[in-house]
Amino acid sequence: MVQDLAFGGWSGILIMIVYGLIMLLIGFLTFLKNKNVRESNDEYYLGGRGLSVMVLFFTFYATQYSGNTIIGYAPTGYRMGFEWLQSVTFMILVIGGYLLFAPRLYVLGKKFKFITPTDWLEKRFRSKGITILGSILMLYGLGNYLLEQFVAVGQGVAGLTGGTIPYQVGVVFFIIIMLIYSWLGGMRSVAYTDTMQGIALLIGVFVLLVGSIVYFGGLPTATDYMQAYAPEKLGVPESNGIVGWFSMLLLVFIGASIYPHAIQRIFAAKSVKTLKKSFTAMVWMPFITTGVVFIVGIIGINAFPGLDTFESEKLVGMMANVIASQNALFYWAMVLLFGGIIAAIISTADSVLLTFSSIISKDLYGRYINPNATEPKQIFVGKIIGIISVAILLVIAWYPPATLYQIFVLKFELLVQIAPAFILGLYWKRLHTKSVFVGMIVGTILSAAMTFANYTPFGIFSGLWGLFINLVICVVGSLLFTVSRSEEEAVDKVIGL
Amino acid sequence: MLKLKKEPIKNVKLWIVLGVLFLLSVPWYLPVGSYKPIIFGLPYWGWIIILDSIAISATITYAFLFLWKVEGEDTNTKGDE
């Protein structure tokens with residue numbers, strides 16, 4: 001995406017090393033302050049359920065906004081024009097999605113000491129099928145999400161250093177740093193580094209905006225140009241654009257808030273007050289993050305007209321390149337920008353990896369493979385399987401298989417299939433366990449098949465079709481089949497608050 | 001023990017307001033292709049979407065702060081931050 005950035009070289013290497021060292025330092029200090037961190041799942045995976053407002057806010061922020069928010073969203077704005085204003089609304093709706101379940105889940109998480117999202121599914125349904133299927137869907141989605149971050153960090157590093165550091169070296173360098181600090185302090189390290197990384201991301205986004213406005217002219221210049229040459233990107237979109245827009249908002253509202261690493265942050269909050277404050281701050285961040293990146297994409301229309309889809313993917317690199325060549329100030333500002341992009345990628349990857357390990361170590365290993373394992377043993381197994389998974393993902397990142405590539409694209413389409421079980425289960429006592437299981441399977445297969453076939457009837461995304469069928473099966477099944485009185489009483493003990 | 005006193009999902013008015021704002025957040029109700037007047041470089045309908053998004057953020061903020069109430073012991077003794 002940004003490989004052909006000509007500036008950089010030694011300054012790129014310097015900032016990369018400085019970043020790496022700061023992250024290591026944060027991990028090491030966390031370790032010194034909390035030496036018992038690897039004794040229990042609660043401490044390691046949830047930071048002892050003690051994250052304060054600022055740390056919780058930044059870890060939500062740096063996790064939700066990945067490197068793609070800058071290097072991928074600006075080109076999308078470039079191609080779609082003002083229709084991409086939806087990126088502001090959908091990031092707001094992600095937080096709105098928490099209104100559906102976070103208040104209740106937080107209370108239950110405290111009461112029953114949930115560590116992973118699967119803990120909730122297990123407590124609610126007491127069904128091996130749902131627990132295992134839910135875990136697999138989450139692991140699959142998270143694995144592919146992680147893969148995407150690895151690919152992005154390599155390209156980011158290669159771009160930042162002008163190719164001085166090859167793609168692979170960059171990826172390995174940051175993965176090792178990430179593993180070390182995660183191991184040293186678990187969730188605490190991840191959340192503290194997220195704080196630093198979130199700030200770097202914000203600085204990066206604003207530096208890019210200021211540079212673009214100063215050098216290429218602001219929004220009025222860009223819209224003047226669009227009036228003459230690209231009015232279709234300026235006007236109200238046509239009906240298929242509208243349908244795509246609505247289905248994006250809906251999918252994100254229901255689906256994005258149940259990202260497993262986001263749910264773990266609900267469990268990690270120190271109190272309801274901290275959680276509320278973090279959410280209310282998060283709900284305003286889209287305006288100064290995706291909103292700013294959107295403006296950069298629009299300015300790009302005027303700055304680099306006529307790029308095709310493939311070329312436009314490199315938009316941020318091309319803009320940064322031109323801005324950096326202006327003077328020393330802008331040069332260093334752009335070095336900061338790329339540091340911010342890498343920080344954004346790493347902060348997403350570390351959170352995903354920690355959640356990934358927790359699901360393996362606690363939900364699969366600790367629950368089914370070796371139920372007698374102590375918590376330190378579970379954490380250890382999680383780390384080892386974490387490394388093995390990272391190694392496999394790296395091989396896939398470097399040698400992408402030619403034929404099965406699409407199985408690595410599925411993320412959200414699969415993750416979203418746990419939403420009915422997850423959300424309806426909180427409120428509906430008569431929700432029928434077997435119907436939930438069947439709904440999850442059918443929804444998953446349908447979404448996957450439609451994604452492979454690239455089939456999106458009425459312009460509505462495949463994940464949403466799968467979710468719709470899944471939901472219908474859950475609801476109709478629960479209305480048709482009765483839940484036994486003893487089962488209903490058992491459920492009432494869990495969710496009857 | 002924590003007890004939920006109020007939860008946003010049960011507030012019908014909240015979902016009516018959010019539902020209306022959601023419908024207004026996509027410009028299906030405006031003439032296709034129109035963009036004039038342009039104010040500070042943003043077409044008129046872009047302002048509508050931004051204002052609507054601000055209203056959504058404000059509504060969600062209100063819901064988190066005032067429609068979500070818990071009672072009971074809620075401080076973590078282990079919390080170090």
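Keep in mind that the model is predicted.

Let's start where the chains meet. Chain A puts 43 residues into the contact, and chain B puts in 43 residues. Which helices of chain A each supply at least two residues of that side? They are H6 (86-97), H7 (102-112), H11 (219-229), H12 (239-255) and H14 (272-282).

Why do we call H16 of chain A largely enclosed by the rest of the structure? Because 13 of its 14 residues are buried. Buried here takes 20 or more other C-beta atoms within 10 Å.

Next, two loop residues of chain A. Take A:Lys113 in the loop between H7 and helix H8 (117-125). A:Lys113 is not a glycine, yet has a positive phi of about 55°. A:Lys113 has 13 other C-beta atoms within 10 Å, so it is partly exposed. At the loop between H8 and helix H9 (128-160) of chain A, look at A:Arg126. A:Arg126 also has a positive phi, about 45°, and is not a glycine. With 14 C-beta neighbours inside 10 Å, A:Arg126 counts as partly exposed.

One more stop in chain A. A:Val476 sits in helix H24, residues 462-480. Buried or exposed, or in between? A:Val476 is partly exposed, because 13 C-beta neighbours lie inside 10 Å. How far is A:Val476 from A:Ser389, C-alpha to C-alpha? The two are 38 Å apart in space and 87 residues apart in sequence.

The unreviewed UniProt entry annotates residues 12-32 and 44-68 of chain B as "transmembrane region". Here is what the model shows for each. In residues 12-32 of chain B, the span is 62% helix and 0% strand, and its end C-alpha atoms lie 33 Å apart. In residues 44-68 of chain B, the span is 92% helix and 0% strand, with end C-alpha atoms 36 Å apart.

Last point, on the backbone of chain B. Which bond is cis? The peptide bond from B:Lys36 to B:Pro37, with omega near 0°. B:Pro37 is found in the loop between helix H1 (12-24) and strand S2 (38-39) of chain B.

Conventions:
Residues are numbered from 1 along each chain as its sequence is written. Chains are lettered from A and ligands numbered from 1 in the order in which they are written. This is a predicted model: local features need pLDDT of at least 70, side-chain atom pairs count only at pLDDT 80 or more; totals for chains, interfaces and linings use all residues. Two residues are in contact if their C-beta atoms, placed from the backbone, lie within 7 Å. Helices (H or I, at least four residues) and strands (E, at least two) are DSSP runs, numbered from the N terminus. A residue is buried if 20 or more other C-beta atoms lie within 10 Å of its own, exposed if 12 or fewer, and partly exposed in between; C-beta atoms are placed from the backbone. UniProt positions are given in the numbering used here, feature names are shortened, and annotations may be inferred rather than shown by experiment.
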